[in-house]
Protein chains: 2
Amino acid sequence: MPKFQPPRGTRDFMPEDMSRRQYVLDTFRRVFESFGFRPMDTPAFESWELLSKKGGGGEGIKDEIYYFKDKSDRELGLRFDLTVPLARVAAGNPQLQLPFKRYQISKVWRYDRPQAGRMREFVQADSDIVGTAGMEADAECIAVAVEALRALGFRKLEVRLNNRKILNALVESVNIPGKKAPEVFRILDKTGKAPRSEIIGELKRSGIDAGRVTKLMKLIDVSGAPEKTLPRIGRMLAGIGTAEDGTRGLEQIVTIAKSYGIDKCIKIDLSLVRGLEYYTGPIFEVSAKAKRQVGSVAGGGRYDNLIEMYGGKPTPATGISFGIERIFEVMCAENMFAEVKPKTSVFVVSVNDDAAVRGESIVIAQKLRSSGVDAETDLMGRDLRKQLDYANRRQIPFVLIVGPDEMKTGRFTMKEMKTGREKKAGLENLVKKLKDETGITS
Amino acid sequence: MPKFQPPRGTRDFMPEDMSRRQYVLDTFRRVFESFGFRPMDTPAFESWELLSKKGGGGEGIKDEIYYFKDKSDRELGLRFDLTVPLARVAAGNPQLQLPFKRYQISKVWRYDRPQAGRMREFVQADSDIVGTAGMEADAECIAVAVEALRALGFRKLEVRLNNRKILNALVESVNIPGKKAPEVFRILDKTGKAPRSEIIGELKRSGIDAGRVTKLMKLIDVSGAPEKTLPRIGRMLAGIGTAEDGTRGLEQIVTIAKSYGIDKCIKIDLSLVRGLEYYTGPIFEVSAKAKRQVGSVAGGGRYDNLIEMYGGKPTPATGISFGIERIFEVMCAENMFAEVKPKTSVFVVSVNDDAAVRGESIVIAQKLRSSGVDAETDLMGRDLRKQLDYANRRQIPFVLIVGPDEMKTGRFTMKEMKTGREKKAGLENLVKKLKDETGITS
């Protein structure tokens, strides 16, 4: 048992895992940037006042933050998401050029009870669009999600889509008072996670009579392809203003999604609530099938009041957040990392311990590096055989052998470790072959 | 005055700055990987017991950590460097394949009084080699530093090199007891930062008589090119075992540095101490000249006892740490970011508000993205002129114009914003031109 371990709820990522994680994060970065999102960074901790503000994360969030004081007794906490810092930045920078399209890929921390697949430290990747109320922005966030997950190899993506305006209309249609809506949403958010009977029970305990609970449950059961489902919702909630506004918004998103070529992924689902209080418009959640059903890997929605709540001008905004840990876990389990190559291409072997040979190996390695080929040399004073063993264990695909003869002739033997095939040639030729084999284009 | 701001000692990085920071971090990553270093990640916080362990950071470190408790009253703190977590991982994983060459680029936090250029949250980039006592490893760390800084555009690099073994011998040679050495080193570490008279005063106050202080100060003044300086040190400290061992180590590093082509950067400097107590062998610090003298931007050394101190087997290790904030600050001030291109290559303009035109713009943008060209479309319902204004303000280099005529003919006008030059052609041709112009090779 090691003397020191990572704190409870956290873990280390050793190089093999971390290389894979970087591949995932790089893919998100590339897709975000392909849509014109640009990176932003904010501090790991924020003022406690900001973090604990009602609406930032709903009730109970206070118990879920790592809280501490600085030496001037300022109350601070580790951030629990990337939306609150964005709202702070948007509120504090009224001169921002709009639309402000930013992405942020960073760690966040929550004080949950640690459980399988749920850590206290985890990475989120968020892309948000600040400054437009247009449904083009919501549609773009959904498109980003589909593109990013496809780029990672996920197939059979499903985007469940709802609108808080429709949910508000639902609640109104069964005569539940508007101020009770947040509580009702919090209960309905358990759909799919808790048994239906439990949800019904909770709704009743919250003071809604059985008749209205039945009506409500029937309404949120409505789901299906947009072409059929949106007109049906229109009929169901005819005459309630927010419902019309809400369905029109979803219709616009679906129309735009056709141009993105992603409309077939979209399913309207009135049981989708998403827990956070701050949503004001369309909300969405993306699930994927790898070999087996994966569940939700991304979610988001529109939050037109949040920036004002943090002291800014009224500023509409929408965004999506990717659960990197879940995505990573699934990709590991489903062996979706075939493409990630070992990082080092060549091990330059010194045939003996002569300083001139060792020196020449370093010279060769430096030449390889300057040609864009990653290379290692021995640092352990190992003999020829042990150097080959090391290259093998590290799964370095090629070794290049340097000895006195090679130094005289300028011709080196390069061996492909997997096949055992050898090629003897001048360095320039070998570099060319290596670049072909490892797909380096620079 | 915004209602909420980043906590004292921290800052936000808005997209323009953050893109530049990513360029810096990507460069480090590329150079680290070209030498076969692989990424690792550890939690932002560690157990307080680990962080506050003497030797991890010398005296006073306890006052410089953000400390907090979790809900089970576990004592935790935000990490103040990346070496302590590495030592924990190495101690806890005795099965690690050696050499274990890892890099980590992450935030660390220190409770310093905030001052110009010194924040409480900052990024470090570390590369370390665990498992070999050979000077090849120290030389490689120095080579990584030179390569990385050159890749960023720094010139006139100077690597100041010393060895704790020589410093121990120096102290011994003037008859200062060995147990006093850490205190003496802490005072000598101020060389170059504090006036000489202050250092002399402190040494005297620590109980060393004036004669020995004079001798000591004369010894640490020795510096210069390795060929002359190392033999001179050999003569000065002849007969003191650790001195011989120390100079031999530096000679080896200088010899290996010749193969790396970086020996001209190296200067022996006996006044280099580096504050941390845990160093046991070679220590080094890299400074650069941009247009003006920059000062130290990287530093490191050998710490052969640290992993054992954290409960591991005796395991030699060496490494180097880059001060990303300082590097970034200098690169901004010296305008060293000419190469960082704006991220979005094309803005696809819709000539009017017709849904078909807007839809076609999205279709075109998606085609550009799938060809590897970053593209944006309007999300604000702006008219033609305002879309062009936006593209201009964002410094997006090209616009591609979509209207009813273009949709009919399949030929689109692309305009280079800087020159005003236009080209009308089919999409495939335009993509080709864009890829040529923006240097996209994929």
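## A strand pair in chain B

Let's start with two neighbouring strands: β3 and β4 (residues 75–78) of chain B run antiparallel and are joined by three bridges. One residue pairing to look for is B:K69, whose bridge partner in β4(B) is B:E75. Please keep in mind as you browse that this model is predicted.

## The sheet around it

Those strands belong to an open sheet of three strands in chain B, ordered β2-β4-β3, with antiparallel pairing. At the edges sit β2 (45–47) and β3 (67–69) of chain B, each of which pairs on one side only. Leaving direction aside, neighbouring strands of this sheet are turned against each other by 35 degrees on average.

The axes of helix α1 (residues 15–34) and helix α4 (residues 135–151) of chain B come within 9 Å and cross at roughly 140 degrees. The two helices, α1(B) and α4(B), are therefore oblique to each other, and α1(B) passes α4(B) in a right-handed crossing.

Which residues meet here? From α1(B) come B:T27, B:F28, B:V31 and B:F32, and they meet B:V144, B:E147, B:A148 and B:A151 in α4(B).

## Chain A and its domains

Turning to the other chain, you will find chain A divided into domain 1 (15–333) and domain 2 (346–435). Taken over C-alpha atoms, the centres of domain 1 and domain 2 of chain A are separated by 51 Å.

Notes
Residues are numbered from 1 along each chain as its sequence is written. Chains are lettered from A and ligands numbered from 1 in the order in which they are written. This is a predicted model: local features need pLDDT of at least 70, side-chain atom pairs count only at pLDDT 80 or more; totals for chains, interfaces and linings use all residues. Domain bounds come from an automatic or database domain assignment. Axes are lines fitted to C-alpha atoms, for helices over the stretch in contact, and angles run from 0 to 180 degrees between N-to-C directions. Helices (H or I, at least four residues) and strands (E, at least two) are DSSP runs, numbered from the N terminus. Angles under 35 degrees count as roughly parallel, over 145 as roughly antiparallel, 65 to 115 as roughly perpendicular and the rest as oblique. A crossing is left-handed if the near helix is turned anticlockwise from the far one by less than a right angle, and right-handed if clockwise. Two residues are in contact if their C-beta atoms, placed from the backbone, lie within 7 Å. Two strands pair if DSSP finds at least two bridges between them.
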